[in-house]
Amino acid sequence: MTYHRNFPDANLYVPAVASETDCFECGKYISGAGVEYHGHDAQGKLAAVYLHPTCATVVAQRLICDGYPNRREG
Ligand SMILES: [Zn+2]
């Protein structure tokens, strides 16, 4: 995960799963700060999603709410 103070000027080295300019959570353009998160695409290659910092906290909290109580499942 990487924080970019000015996302439009950031050097992005990992291909995007979706948009390279819009937030993965809300779908709106990232005009200021942004967060880059790396995972894997359907072919197993490193891929990134980009989020507004606020949207990153929403996604993180939702993942914790769904994941933590079920962490021993699957
Ligand atoms: Zn957003």
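1. Donors here are N, O and S atoms within 2.8 Å of the metal. The model is predicted. By that cut-off, the zinc ion has Cys23 (SG), Cys26 (SG), His52 (ND1) and Cys55 (SG) as its protein donors. Their spacing in sequence reads C-x2-C-x25-H-x2-C. Cys23 sits in the loop between E1 and E2, Cys55 in helix H1 (residues 53–67); the pair links distant parts of the chain, 32 residues apart.

2. Geometry at the zinc ion. The donors lie 2.1 to 2.4 Å from the ion. The four donor atoms subtend angles of 99 to 119°, so the arrangement is tetrahedral. For four tetrahedral donors the ideal angle is 109.5 degrees. Both Cys23 and Cys55 are buried.

3. The strands. E1 (residues 2–4) pairs with E2 (residues 34–40) through three bridges, antiparallel. E2 also runs antiparallel to E3 (residues 46–51), joined by six bridges. E2 and E3 make a hairpin with five residues between them. In its turn, Gly44 has a positive phi of about 85°.

4. Glu36 deserves a look. Glu36 is the bridge partner of Thr2. Glu36 also stands opposite Tyr50 in E3. The side chain of Glu36 makes a polar contact of 2.7 Å with that of His4.

5. Beyond four places away in sequence, His4 touches Ala10, Asn11, Leu12, Gly32, Ala33, Gly34 and Glu36.

Notes:
Residues are numbered from 1 along each chain as its sequence is written. This is a predicted model: local features need pLDDT of at least 70, side-chain atom pairs count only at pLDDT 80 or more; totals for chains, interfaces and linings use all residues. Side-chain values use heavy atoms; hydrogens and water are left out. Two strands pair if DSSP finds at least two bridges between them. Helices (H or I, at least four residues) and strands (E, at least two) are DSSP runs, numbered from the N terminus. A polar contact is a pair of N or O atoms within 3.5 Å; within protein, one must be able to donate a hydrogen and the other to accept it, and residues adjacent in sequence count only if both atoms are side-chain atoms. Contact means heavy atoms within 4.5 Å. Donors are N, O and S atoms within 2.8 Å of the metal (3.2 Å for Na, K and Ca); water is not among the atoms, so sites may look incomplete. Four donors count as tetrahedral if all angles lie between 85 and 135 degrees; four count as square planar and six as octahedral if opposite donors are over 155 degrees apart and all others between 65 and 115; anything else is irregular. Buried means under 20% relative accessible area, exposed over 50%, partly exposed in between (1.4 Å probe, protein chains only).
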